[in-house]
Amino acid sequence: DAGVIQSPRHEVTEMGQEVTLRCKPISGHDYLFWYRQTMMRGLELLIYFNNNVPIDDSGMPEDRFSAKMPNASFSTLKIQPSEPRDSAVYFCASGGHEQYFGPGTRLTVT
Amino acid sequence: GDSVTQMEGPVTLSEEAFLTINCTYTATGYPSLFWYVQYPGEGLQLLLKATKADDKGSNKGFEATYRKETTSFHLEKGSVQVSDSAVYFCALSPLNAGGTSYGKLTFGQGTILTVHP
């Protein structure tokens with residue numbers, strides 16, 4: 001199994017641009033999670049899905065952030081418009097009782 | 001609500017020293033407990049887990065015992081190596097009345113470990 005796959009691994013964009021982060025979970029996992037990690041705030045859960053349905057999006061910082069899971073093998077996290085304070089490493093994880101993390105996308109907004 | 005508290009870091013040790021990273025939790029019911037490790041530039045990896053009281057999780061020389069009476073899950077290793085330098089996260093997963101997981105993990109703030117040769 002290839003594990004959780006995230007793309008791109010690095011993204012540099014200018015303030016105001018739309019950013020889309022992608023995730024392919026491990027096949028057969030019912031849950032998918034999006035996290036953000038920064039030095040200041042540590043690891044934050046943004047949103048998670050169960051069987052493709054969003055269960056808890058209370059961690060999404062504001063309306064500029066949106067996430068979708070159109071099918072069991074794909075999810076996106078979109079930021080529109082992006083701001084410098086969105087710079088962070090974004091992780092996708094899948095699993096059930098245990099979570100398996102992807103390698104992360106390092107986002108830099110200038 | 002549920003919470004996890006880890007000892008403040010960073011922790012700096014010499015190679016072959018004994019390691020303890022404290023973790024205590026607050027939760028209703030009988031959560032499962034986990035330690036995750038994050039190496040530089042990588043995502044978190046599951047290191048070990050325990051699903052009920054008095055269980056001991058172990059992996060790669062690391063151990064942690066689920067202590068319900070003290071609500072703790074301290075991570076230990078008898079002899080650390082330079083390659084153990086990483087950030088360590090304690091986490092819990094609450095179980096519902098049926099004994100199945102809600103899926104969501106509550107993480108501690110992480111403890112940075114640096115091991116010098």
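Across the interface of chain B and chain A there are two salt bridges. A salt bridge here is a side-chain nitrogen of Lys or Arg within 4 Å of a carboxyl oxygen of Asp or Glu. One of the two joins B:Lys104 to A:Asp56, with the closest N and O atoms 3.3 Å apart. This is a predicted model, in which local features need pLDDT of at least 70, side-chain atom pairs count only at pLDDT 80 or more, and totals for chains, interfaces and linings use all residues. Residues are numbered from 1 along each chain as its sequence is written, chains are lettered from A and ligands numbered from 1 in the order in which they are written, and side-chain values use heavy atoms, without hydrogens and water.

**The interface**

Chain B and chain A also share four residue pairs in polar contact, both residues at pLDDT 80 or more. A polar contact is a pair of N or O atoms within 3.5 Å; within protein, one must be able to donate a hydrogen and the other to accept it, and residues adjacent in sequence count only if both atoms are side-chain atoms. On the side of chain B that touches chain A, β5 (32-38), β6 (44-50) and β10 (86-93) of chain B each give at least two residues. The largest share, four residues, comes from β5(B). By class, this side has nine nonpolar, eight polar and three charged residues. Ala, Val, Leu, Ile, Met, Phe, Trp, Tyr, Cys and Pro count as nonpolar, Asp, Glu, Lys and Arg as charged, and the others, Gly among them, as polar.

The contact (heavy atoms within 4.5 Å) takes 20 residues from chain B and 17 residues from chain A. The area buried between the chains is about 1400 Å², and carbon and sulfur atoms give 55% of this area. Buried area is the accessible area (1.4 Å probe) that two parts lose on being put together, summed over both.

**Salt bridges within chain A**

Over all chains, the structure holds 13 salt bridges. Three of them lie in chain A.

| Pair | Closest N to O |
|---|---|
| A:Arg36 and A:Glu44 | 3.1 Å |
| A:Arg64 and A:Glu62 | 2.9 Å |

Salt bridges that share partners join A:Glu62, A:Arg64, A:Glu83, A:Arg85 and A:Asp86 into one network. Buried means under 20% relative accessible area, exposed over 50%, and partly exposed in between (1.4 Å probe, protein chains only). A:Arg64 is at 10%, so this residue counts as buried. A:Glu62 is at 27% and is partly exposed. A:Arg36 is buried at 6%.

**Aromatic pairs**

The structure holds 14 aromatic pairs over all chains. Rings of Phe, Tyr and Trp (its six-membered ring) pair if their centres lie within 6.5 Å; planes under 30 degrees apart count as stacked, over 60 as edge-to-face and the rest as tilted. B:Tyr25 and B:Tyr66 form an edge-to-face pair, 6.1 Å centre to centre with 75 degrees between the planes. B:Tyr25 lies in strand β4 (residues 23-26) of chain B and B:Tyr66 in the loop between β8 (62-65) and β9 (75-77), so the pair ties together parts that are 41 residues apart in sequence. Strands are DSSP runs (E, at least two residues), as are helices (H or I, at least four), numbered from the N terminus. Both B:Tyr25 and B:Tyr66 are buried.
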